[in-house]
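Biologist: I have not looked at this structure before. Could you take me through it?

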Protein chains: 2
Amino acid sequence: MGDRQDSQKKRDKYSLRGRVYERIREDILSGRYEQNTELKEMAIGEELGVSRTPVREALRQLELEGLVNIIPNRGAYVNMITAKDVQDIYIIRSMLEGVCARWATEYITEEQLEDLEETLCLSEYHTKKGNYEKLYELDSLFHEQLYRASNSRILNHVLSDFHDYVKRVRKATIASQGRSVKSTEEHRAIFEAVRDRDAQKAEELAKIHVKHTIECIQGYGLEKIL
Amino acid sequence: MGDRQDSQKKRDKYSLRGRVYERIREDILSGRYEQNTELKEMAIGEELGVSRTPVREALRQLELEGLVNIIPNRGAYVNMITAKDVQDIYIIRSMLEGVCARWATEYITEEQLEDLEETLCLSEYHTKKGNYEKLYELDSLFHEQLYRASNSRILNHVLSDFHDYVKRVRKATIASQGRSVKSTEEHRAIFEAVRDRDAQKAEELAKIHVKHTIECIQGYGLEKIL
DNA sequence: CGGCAGGTGATTGTATACAATAATACAAAA
DNA sequence: TTTTGTATTATTGTATACAATCACCTGCCG
């Protein structure tokens, strides 16, 4: 339990390549590697008990995401998300989550609304209990459900990636009493605006929600997390 | 001539994998394949005179971009950009190009400003001559230079991808007398706002520039392009 | 002592071989 | 006729083998 993370993602968790990809990605995003660590195909392959082939394919994918630098004939090097990247992502996300919420008011189905409310209820429950691990998962789920409800494959794709990239930061912010309570309240407000089909309000609330997270991060000190 | 397209992209055009990737990507984005065309590794490999290995790696990368669907043990299928995707991309781009221009006013260097103006001059020249092929390249270059000037790796990455995705549409819109003149004028205005460090104006102009392109597309009829 | 040439080992790039899986066709039984 | 089981074939998934490239070290020469 606790490895829920891709939900809707089609990323194939069952092929060797898929597992290797997820593994390296997770290791980079969670900071287990340092910047510019060299990722040798053979070494990783041995560690995971697979040959070079799936490792290579995974590294090529990570290169495309910008999480790995590949220098031809030389090797693959870890490319960490920097503090500035995180800031930029949050600013961009604040806008995109806004549009997302706006679009969701137009496209969300009754079923999706119910799912969203269920997630919300669980969030409120676990907020009270201070169960941060579970809360992080529910926070992710809430946003991903909203992404899907926007009915935009493109927006969903971009936002999901960003969401993953700042995973570490989000884990840290959620795990503070003050922020988690506030965050869940804001989720509730966004949900209600979407349910009531108030596009303007939903957009505004979603933007503010992300902005508050930025402020929380800046208060906390980004260096401590990265 | 005419295959300029990646400029700053680090995409390795010299390895077999890189060439295969670019080739398939280009074929998908330019509409040479139909939706759901099955991409067989062996067939592509034979066509390009390479083995399955580089083809596989290329397909895996395209999967991550969403340009190809891979069903495990079954195959890879073309996933075209739909008309709605294009609309979404333009709406999102309009916001992101706005932030990009804003950030550029803060970060652009004198050298980058000169490069930008040079591109602009060439654009104006070729606009007069109605040289649409060249104009398309210069339009791409102008935007890419601005992306870089934003000093945001993240923003640059997202915008560059989007820019590629709507390549076909952009080619079509540029190739209309009215739009190309207007577009170049708008580029000039954006450039001047950036040069004068007027963030507010630059952002507004960049947003409007993309919005105008949407309108042009809608007037043109997206179905004809896709 | 320093710089450069060449060799050596390590690592990636590509091709191929083999294994596993899924699609297809066909035949037999209900 | 329909359905189901099975053999065949095509295709992908993975491993390995081989080629090309690069980094590093050594030793020669200035």
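**The DNA surfaces and one helix**

Modeller: This is a predicted model. For the surface near DNA strand C, α2 (41–48) and α3 of chain A, together with α1 and α3 of chain B, each supply at least two residues.

Biologist: Which element gives the largest share of the surface near DNA strand C?

Modeller: By class, that surface has 5 nonpolar, 7 polar and 6 charged residues. Its largest share is 3 residues, and these come from α3(B).

Biologist: Which residues come nearest to DNA strand D?

Modeller: The elements giving two or more residues to the surface near DNA strand D are α1 (16–29) and α3 (52–65) of chain A, with α2 (41–48) and α3 (52–65) of chain B. Of the 18 residues around DNA strand D, the nearest are Leu16(A), Val50(A), Ser51(A), Thr53(A) and Asn73(A).

Biologist: Why do the buried residues of α1(B) line one face of the helix?

Modeller: The buried residues of α1(B) are Arg17(B), Gly18(B), Val20(B), Tyr21(B), Ile24(B) and Ile28(B). An α-helix has 3.6 residues a turn, so residues three or four places apart point the same way. Seen down the axis of α1(B), its buried residues line one face because they fall within an arc of 165 degrees.

Biologist: What covers the buried residues of α1(B)?

Modeller: Helix α1 of chain B runs over residues 16–29 and reaches 20 Å from its first C-alpha to its last. The cover over its buried residues includes α2, α3 and β3 (75–78) of chain B.

Terms used
Residues are numbered from 1 along each chain as its sequence is written. Chains are lettered from A and ligands numbered from 1 in the order in which they are written. This is a predicted model: local features need pLDDT of at least 70, side-chain atom pairs count only at pLDDT 80 or more; totals for chains, interfaces and linings use all residues. A residue is near a molecule or strand if its C-beta atom, placed from the backbone, lies within 6 Å of it. Helices (H or I, at least four residues) and strands (E, at least two) are DSSP runs, numbered from the N terminus. The expected span of a helix is 1.5 Å times one less than its number of residues. A residue is buried if 20 or more other C-beta atoms lie within 10 Å of its own, exposed if 12 or fewer, and partly exposed in between; C-beta atoms are placed from the backbone. The arc is that of the directions from the helix axis to the C-beta atoms. Two residues are in contact if their C-beta atoms, placed from the backbone, lie within 7 Å. Ala, Val, Leu, Ile, Met, Phe, Trp, Tyr, Cys and Pro count as nonpolar, Asp, Glu, Lys and Arg as charged, and the others, Gly among them, as polar.
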